[in-house]
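Open the model in your viewer and keep the selection tool ready. The stops below go one selection at a time.

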Amino acid sequence: MDFVHESVALGVDLLILGLCVREYVNYKTTAKVLREAPQYNIDGDLKNIVSRQQDKKIPYAVIRGTVTPIGVPLRSSFVPSVSGVLQIVKLHEHRVMRAFAGFWAEQRKMLHESINEMPFELTNQQHGVEIIDAMSAAVLDVDVVYDNYESTSLSFFDHIFGFFTGVRQKGLQTTEQVLRDGSFLTAIGELEMDGQTLRMQPSKQGPLFLTTATKSTLIKRFEDAKSSMLFKIVLCSSISMVLVGLIVRKMYRKKKQEREEAKIRKRLELERRERRARNRPHTLTQDQLCVVCSTNPKEIILLPCGHVCLCEDCAQKIDITCPVCRSKIDSKAAAFIA
Ligand SMILES: [Zn+2]
Ligand SMILES: [Zn+2]
């Protein structure tokens, strides 16, 4: 194929386009469900409002309140003065790796992650809503309370080893993130009345959010992401169209060339026949004529049987068996009868 490069580029471009469209649809749906989600104050009325709903559930609702632990809050492992309800400690290895074509590229690899959770609720005065499954939130605003990087001192042998394996450690980074108690959050998810307690959990309608942003900021973020995705979609589609155009043009040119070549071949063949017809002796006996068309003289010998029984035109159409003895034709050659 003459347009391999264009086809590969088109394939890659369409793949990216597909991903962009999927992201765009995600952003659009999320922005829409967020806009439609009702916002409630956490107060004495909220239990009654939720209890009146079908299945005692509001599928997607917005509440705002202060993070309050149910029980004794977790202590930060690295900063003792910090306490919270959710603690994520991560250990990353920074390293350089020999990548494509012998270049060294920096990489970050997670070696270990530990998560500590405890039950907590969002409260407003004495009223509260328990948050379930906070770690599954699409947006979870936690504070980085500790971030430490230690570079590794490499020995001579480590350098030698690194040279052969293509991996050299540069350093280790430890981070600790905490969802502090007392922080003021917006939570968006399914609001359910379970017995006498209200709880917010992941919803089927949209992602769970636990964020310091307000509902309108969140909507704006999704709208912005949507617009930038739309721009990428337009860009990818334009590139696809250009590539399709290039492929079509190449195909058209190839077809045109083939057609012209066929035309030339046909004309040459016609001229050859006319020339031969002019040069042919006019008085031929029946056994000097081709056995198929009975018009042209016998001109071709069939091998291996050796029969001279066909004219050049008919020999072009007969390939498999000799019309006289039915033996298989291996090759043909011009016969000159002197
Ligand atoms: Zn013939
Ligand atoms: Zn034969």
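**Tour of the model**

Start with two selections: domain 1 (60-188) and domain 2 (286-334). These bounds come from an automatic or database domain assignment. The C-alpha centres of the two domains lie 87 Å apart.

This is a predicted model, in which local features need pLDDT of at least 70, side-chain atom pairs count only at pLDDT 80 or more, and totals for chains, interfaces and linings use all residues. Residues are numbered from 1 along each chain as its sequence is written, and chains are lettered from A and ligands numbered from 1 in the order in which they are written.

Colour by pLDDT, the predictor's confidence in each residue, from 0 to 100. The mean is 89, and 99% of residues reach 70 or more.

Next, select strands S4 (residues 83-98) and S5. They run antiparallel, joined by 13 bridges; DSSP must find at least two for strands to pair. Val89 stands opposite Ser114 in S5. How many residues of S5 (residues 104-117) are buried? The count is 0 among 14. Buried means 20 or more other C-beta atoms within 10 Å of the residue's own, with C-beta atoms placed from the backbone.

Conventions:
A residue is buried if 20 or more other C-beta atoms lie within 10 Å of its own, exposed if 12 or fewer, and partly exposed in between; C-beta atoms are placed from the backbone. Helices (H or I, at least four residues) and strands (E, at least two) are DSSP runs, numbered from the N terminus.
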